Amino acid sequence: FIKCSVQNSFVCCRIYMDYNATTPVDPEVVRVITDALTDAWGNPSSNYLPGLKARDIIYYSRDTIARMVGGKAADIIFTSGGTEANNLVFHTAVEHFRKSKTSAQGDMNSEQLNGSGSLPHIIISSVEHDSIKLTAKHLLKEGKADVTFVPVSKVTGRVEVEDVIAAIRPTTCLVSIMLANNETGIIMPIKDICHRVREVNKQRAASAPRILLHTDAAQAIGKIRVDAHELGVDYITIVGHKFYGPRIGALFVNDPGTTTPVYPLFFGGGQERNFRPGYDMVYCVVGFYAAELVSLNLAEYEAHFLDIRCYLEQKLLAVFGRDKINFNSHFPGSDILPNTCNVSILGRGLQGRRVLSTCRRLLASVGAACHSDRGDQPSHILLSCGIPYHVAANALRISVGRCTSREDVDIVVEDLRDSVEQLERMN
């Protein structure tokens with residue numbers, strides 16, 4: 001995705017390398033959305049042709065997403081995005097705990113149920129996306145749940161299974177750990193966590209609530225294989241704009257309302273089987289054709305990502321040298337997303353934001369230290385992984401996409417070298 005335009009006789013080339021933040025909509029997805037805008041504008045609950053086409057689109061998209069994550073069409077609930085999907089899971093867990101305790105304890109009133117020691121307990125990692133972290137903090141602040149924030153290991157950069165198991169209490173109702181971290185690309189051991197938690201569920205007393213299992217897979221889908229039943233989760237958060245679709249979300253729920261509870265956040269019509277009322281955004285839902293592309297081409301995508309990322313890392317080492325480069329995602333025994341490179345260029349005055357501000361052709365390579373809401377502070381995620389402060393302050397996250405080429409990498413590294421040299425002269 002190189003866009004070149006002639007401006008005042010100078011050729012300005014921009015190269016996009018921030019695919020973990022968002023992706024462009026695939027041209028094939030644009031085509032099916034355009035067709036839907038023309039042919040499927042009707043009410044999906046109606047019986048006239050444009051409505052029937054809209055209904056068919058919704059079913060087809062539901063089935064397409066389900067196949068991408070190893071489920072069935074009935075397991076998919078459409079949402080406005082990943083944030084809503086995550087909030088729906090947390091709301092469900094708290095509500096399910098309350099109903100389970102009410103059923104088990106009979107006539108206890110709500111004040112007794114919400115008293116000390118009887119609050120629902122939720123376990124998340126310390127490196128979750130804000131839509132998880134802030135939801136958990138809100139429940140904690142409002143006195144609606146207790147929350148344990150499990151730290152990541154400074155050795156492996158990931159959440160360790162034993163730390164999750166050690167955090168479980170009799171009132172634990174939800175474990176929510178992301179599948180892959182958005183800044184480091186570290187892949188979490190979700191399969192092993194789920195296996196151990198399910199063993200705990202088998203051993204719990206009948207009066208104890210079942211521990212529900214959720215993973216936010218926003219960063220993983222489209223980059224690595226994600227299979228709900230292989231992982232052993234009850235819920236998976238799916239975000240379309242992370243894999244070349246539009247800005248829409250979905251939640252995988254294993255047999256929703258039967259095997260796995262779902263309690264709606266909103267109330268209204270009967271759409272989405274009353275789990276999420278409100279008419280589906282058909283023009284966005286059809287964009288989940290992007291899931292079909294993932295199912296068909298994942299091996300090719302993954303191989304390309306890995307090839308380009310490895311070339312990027314080799315090029316950075318060749319240009320800057322080992323003494324000046326630190327790869328913040330390289331932890332012994334941990335796997336990382338094939339497209340993600342979190343790197344620090346070491347040296348005084350080389351903070352990620354300053355380096356990027358001097359680059360000429362790099363449209364986006366947003367580092368962990370370059371998020372506008374954090375000012376000049378290093379990423380708390382990198383610090384929690386044991387990355388030293390001065391290294392984390394210089395971090396750049398570079399994430400490649402399906403069309404990123406080696407030539408793009410050469411240009412980007414050249415610009416980074418020029419920017420670093422300029423900053424060093426200034427210092």
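## Close-up views of a predicted model

View 1. Tyr48 is partly exposed, as its relative accessible area is 42% (buried means under 20% relative accessible area, exposed over 50%, partly exposed in between, with a 1.4 Å probe and protein chains only). This is a predicted model, in which local features need pLDDT of at least 70 and side-chain atom pairs count only at pLDDT 80 or more, while totals for chains, interfaces and linings use all residues. Residues are numbered from 1 along each chain as its sequence is written, and side-chain values use heavy atoms, with hydrogens and water left out. Tyr48 sits in the loop that runs between helix 1 (27–39) and helix 2 (49–68); helices (H or I, at least four residues) and strands (E, at least two) are DSSP runs, numbered from the N terminus. Together with Leu37, Trp41 and Tyr283, Tyr48 forms a nonpolar patch on the surface, and the accessible area of the four is about 440 Å². Patches are made of residues with over 30% relative accessible area and no salt bridge, with like charges joined within 9 Å and nonpolar side chains (Val, Leu, Ile, Met, Phe, Trp, Tyr) within 5 Å. Accessible areas come from the Shrake-Rupley method with a 1.4 Å probe, and for residues only the protein chains shown count as cover.

**View 2. The salt bridge of Asp26 and Arg402.** The closest N and O atoms of Asp26 and Arg402 are 3.8 Å apart, and the two residues form a salt bridge (a side-chain nitrogen of Lys or Arg within 4 Å of a carboxyl oxygen of Asp or Glu). Asp26 lies in the loop between strand 2 (10–16) and helix 1, and Arg402 in the loop between strand 13 (395–399) and helix 14, so the pair ties together parts that are 376 residues apart in sequence. Asp26 and Arg402 are both buried. The structure holds 25 salt bridges.

View 3. Lys72 pairs with Asp75 in a salt bridge whose closest N and O atoms are 3.1 Å apart. Lys72 is partly exposed at a relative accessible area of 39%, whereas Asp75 is buried at 0%. Lys99 forms a salt bridge with Glu95, with 3.8 Å between the closest N and O atoms. Lys99 and Glu95 are separated by about one helical turn, because they are 4 residues apart in helix 3 (residues 82–105). Lys99 counts as partly exposed, with 36% relative accessibility.

**View 4. The loop between strand 8 and strand 9.** Tyr244 is found in the loop between strand 8 (235–239) and strand 9 (249–253). Tyr244 is not a glycine, yet has a positive phi of about 70°. Its relative accessible area of 4% makes Tyr244 buried. His241 is also placed in the loop between strand 8 and strand 9, and counts as buried at 13% relative accessibility. The C-alpha atoms of His241 and Pro24 are 7.5 Å apart, although 217 residues separate the two along the chain.

View 5. Asp255 lies in the loop between strand 9 and helix 9 (282–285). Asp255 has a positive phi of about 50° and is not a glycine. With a relative accessible area of 26%, Asp255 is partly exposed.
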